[in-house]
Amino acid sequence: MEKKAGKPQISERRRFLTDIAYAGGLGILGGLLWAGYTEKAKSSPLTLRPPAALEESEFLKTCIKCGLCAEACRNRPANIDRDTGRPRPGTLKMAKAQDDVTIGTPYFIPREVPCYMCDDIPCVTICPSGALDVAKVTNPKTGELDYKMMDMGLAVVDPNSCIAFWGLQCDACYRACPLMDEAIRLEYDQNKRTGKHAFLKPVVDMDACTGCGLCEKACVTEKPAIFVLPREVALGKAGDHYVKGWDKKDQERVGNRVGKDVTTHDQRSEKAPQDYLNSGSLLGE
Amino acid sequence: MKWSNIKYLVLRRIVQLSLLALYFMGNWYGWKVLQGDLSASLLFGKVPLSDPFAILQTLATGALLATNALVGALIIMLFYGIIGGRAFCSWVCPVNMVTDLAAWLRRKLLIDRIERKIWISRNLRYYLLVIALIVSALTGLAAFEVISPITILNRGVIFGFGAGAGLLVAIFLFDLFAVKNGWCGHLCPLGGFHSLVGKYNLFRVWHTSENCTLCMKCKTVCPEVEVLKMIGKRSEFVVGKECTNCGRCVDVCDDDALGFDLRNFLSNPKGGNQ
């Protein structure tokens, strides 16, 4: 083969391979940028979802961003203003690009509009994709919708800013709660500062609270002293290795298993502490 | 201006704006004609409709979808696959109005006449389509749906605009100054998806070569100009899958050389000739 002057000729095979590399390389570049953005576009963990939403990562996969839930919430009969005949703003908002929530997904801010826990739960029954799962709010015994099974989050009290903890009489959250005496009850305590008054402290029942946020909306303090957080944020976890020995059920969880000996043996531990204490002088001559 | 020169343009704008108005009223006044948005809707409070590309991305994430969403996607696929072709892009999609405005301004301001060295392959949308599905699978979030200007504009009209409106301005400027028909004709993976779905639909533009005077007005206005390669050469259907059935070519033709017709697959399996 003769060498031609100028640019080296590219064979068909080389061109094909280069084209593949070109397309693959640019595809991976674009895909990485896109995936990076998509990963960042996921919601803040503080997002409150509509009732019966799937667990957040499943919810983000499944929600198709159609807004039917928000429309059903806004246009439910109970939300129509009797004076004007127009619907008031609904509970559910559709996230915009500037919100800390995946764009186009429904969420709510209880301090603005809390969830009123409708009997017929219109936001859930209209969901076409199953991101809001009817089964999660259906009573397995009766087969009917049960608003008490809703679980949007958990109300948390800040005892420092809650004026009931100061000794002032306020039961705004207690009275606003749709599950009064179930989800929020008042705990009576003695006010030792005055010696003759009582504290009426709001206490949230973790299992009964649905996270509707009516308490947060009703709270009288400048920034609410009771507020709803997603359960994963609000709750800690002790870990499976802690067993409540006095709780039969918890003990059954681990059966009669006995823990392994995890005593550390080193030079210092050769003399057991009690031996050290029981022999010789404590001053260790 | 003669009616026959703007007929399909006006009809398209009426359809696009009516759909937006119905969606808006569905949320604002609770009308039950068309609720939801272009991702998924409820027609007359009964019939589910959903965006098959959004559903495909959702399936790619590994989500288990309820039947309504799947049935809705099937209905839409059948409609465009048999009747509409790629008509979603020019008759339904609201971004079409933004990019058409940019294309119109390009022609009026003679920006088209200046040659610039920005070139993108018209096939890029198909690569982006595949990448969208891969990214959806990797991240567990429908990838195009978080950046789609179509849903941003659509939801903006229904639920109020947010910062996402900036993306629409960006697309307008991109189409105006960077690449002619840049978004709809090169990048949009949803458009690519509808091209594939509507490849074998029945309604297409028929070109009568004998009437053609080679004025090339059709090629000036066509957003997917490669589909008009037969103009003045052969009498045949515009079969290119990228044709959006917008009918602008039919509008601008003064010689009765272009018009909508039904493809006959029986006499010709490819549907290329009548």
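Strand E1 (residues 34–37) of chain B runs antiparallel to strand E2 (residues 40–43) of chain B, and four bridges join them. Strands here are DSSP runs of E with at least two residues, helices are runs of H or I with at least four, and both are numbered from the N terminus. Two strands count as paired if DSSP finds at least two bridges between them. The link from E1(B) to E2(B) is a hairpin through two residues, and B:Gly36 sits opposite B:Ser41 in E2(B).

This is a predicted model, where local features need pLDDT of at least 70 and side-chain atom pairs count only at pLDDT 80 or more, while totals for chains, interfaces and linings use all residues. Residues are numbered from 1 along each chain as its sequence is written, with chains lettered from A and ligands numbered from 1 in the order in which they are written.

Now follow B:Ser41 across to E3(B), where its bridge partner is B:Leu49. Strand E3 (residues 47–50) of chain B is antiparallel to E2(B), again with four bridges. Three residues lie between these two strands in their hairpin, and B:Phe44 in that turn has a positive phi of about 55 degrees.

Time to zoom out: chain B has 12 helices and six strands. Its C-alpha atoms fill a box of roughly 55 × 45 × 40 Å along the principal axes. Of its 274 residues, 46% are buried, meaning that 20 or more other C-beta atoms, placed from the backbone, lie within 10 Å of a residue's own.

Definitions and conventions:
Buried ≥ 20, exposed ≤ 12 C-beta atoms within 10 Å, placed from the backbone.
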